[in-house]
Amino acid sequence: MIKTVLVDDEIDSIRVLQRLLEEYCPRVSIVGTAGGVDAALSLIQETKPDLVLLDIEMSQGNAFDLLNQLQPLDFQVIFVTAFDDYAIRAFKYSAVDYLLKPVDIDDLRSAIERVQERSDPKDFAQQMKVLLENVGMLQLSQQKMAIPTITGLIFVPVQDILRFEAKGNYTTIYLAGGEPIVATRTVKDYEDVLPEAIFCRIHNSHIINLSRIQKYQKGRGGSVIMEDGSVIEVASRRREEFLRRLLK
């Protein structure tokens, strides 16, 4: 059984989660609930759960205040939030599970299945460390991204990423001063989570870091020369948006 604690300052939200878990996730055993940071801290230290379903905004603080007090973490976390806000991008960068309210049953079951499948708690602890670093940093250039590969996760500073190139259902990620990484996600997956202020999709197969362009060459759509010397074509239908973002 997965010993689980629910943390949310809305009692109705806790009741809904309890009902969904009891009905659809039989391997989950709820060992306690809490409505705020202080109560959650005591409960987690007392019950030593395997998993915490954690609302982001609570009384007396937020989820990150709580987790920082519990370092190093020896349990897994699924975040629950009513807002598709700043934290969501940090979750995606760090490959950490989250659920949007109202909680979808299939999303909940999938998240619980991933909890069961994780074999090495050290891997999750590292993901959480990266998440907390990302949330706590104001400058995007200091953030790290978790890149899933066939052998595991690789964490790289966002500022070191030059470009993304589509390779079917995979993506090759080129880094400044490092070997390319083959990620087990599509370019579209990355387009959905990357900050528009820094990254731009200029072609069906390419997303580039705007701050890493060395030169733009005119043409029908034109092309860019990146810092590593690579020449990437700009699709004509994407040229206007690319130039707008480049000159912003």
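1. Contact, as the word is used in this note, means heavy atoms within 4.5 Å. The coordinates come from a predicted model, and the points that follow should be read with that in mind.

2. Which residues is Asp 55 in contact with, leaving aside its neighbours within four places in sequence? They are Val 7, Asp 8 and Asp 9, together with Ala 63, Val 80, Thr 81 and Lys 101. Asp 55 itself lies in strand β3, which covers residues 51–55, and with a relative accessible area of 6% it is buried, because the cut-off for that class is under 20%.

3. Gly 61 has its place in strand β5, residues 61–62, and its relative accessibility of 21% makes it partly exposed. Computed along the sequence, Gly 61 and Gly 36 are 25 residues apart, while their C-alpha atoms are 7.6 Å apart in space. Glu 240, by comparison, belongs to helix α8, residues 239–246, and is exposed, its relative accessible area being 66%. Glu 240 and Gly 221 are 19 residues apart in sequence, and from C-alpha to C-alpha the separation in space is 8.6 Å.

4. Two packed helices are described by the angle between their axes and the distance between the axes. For helix α1 (residues 11–24) and helix α5 (residues 105–117), the angle is about 65 degrees and the axes lie 11 Å apart, which means that α1 is roughly perpendicular to α5. The crossing in which α1 passes α5 is right-handed.

5. Which residues of α1 and α5 meet where the two helices pack? From α1 come Leu 20, Leu 21 and Tyr 24, and from α5 come Ile 105, Leu 108, Arg 109 and Ile 112. By class, the residues of this contact of α1 with α5 divide into six nonpolar and one charged, with no polar residue among them.

6. As for the chain as a whole, it holds eight helices and 17 strands, and 47% of its 248 residues count as buried. Among the contacts in the chain with a separation of 6 or more, 53% are accounted for by residues 24 or more positions apart. The chain exposes about 12800 Å², and carbon and sulfur atoms supply 47% of that area.

Notes
Residues are numbered from 1 along each chain as its sequence is written. This is a predicted model: local features need pLDDT of at least 70, side-chain atom pairs count only at pLDDT 80 or more; totals for chains, interfaces and linings use all residues. Side-chain values use heavy atoms; hydrogens and water are left out. Axes are lines fitted to C-alpha atoms, for helices over the stretch in contact, and angles run from 0 to 180 degrees between N-to-C directions. Helices (H or I, at least four residues) and strands (E, at least two) are DSSP runs, numbered from the N terminus. Angles under 35 degrees count as roughly parallel, over 145 as roughly antiparallel, 65 to 115 as roughly perpendicular and the rest as oblique. A crossing is left-handed if the near helix is turned anticlockwise from the far one by less than a right angle, and right-handed if clockwise. Ala, Val, Leu, Ile, Met, Phe, Trp, Tyr, Cys and Pro count as nonpolar, Asp, Glu, Lys and Arg as charged, and the others, Gly among them, as polar. Buried means under 20% relative accessible area, exposed over 50%, partly exposed in between (1.4 Å probe, protein chains only). Accessible areas come from the Shrake-Rupley method with a 1.4 Å probe; for residues, only the protein chains shown count as cover.
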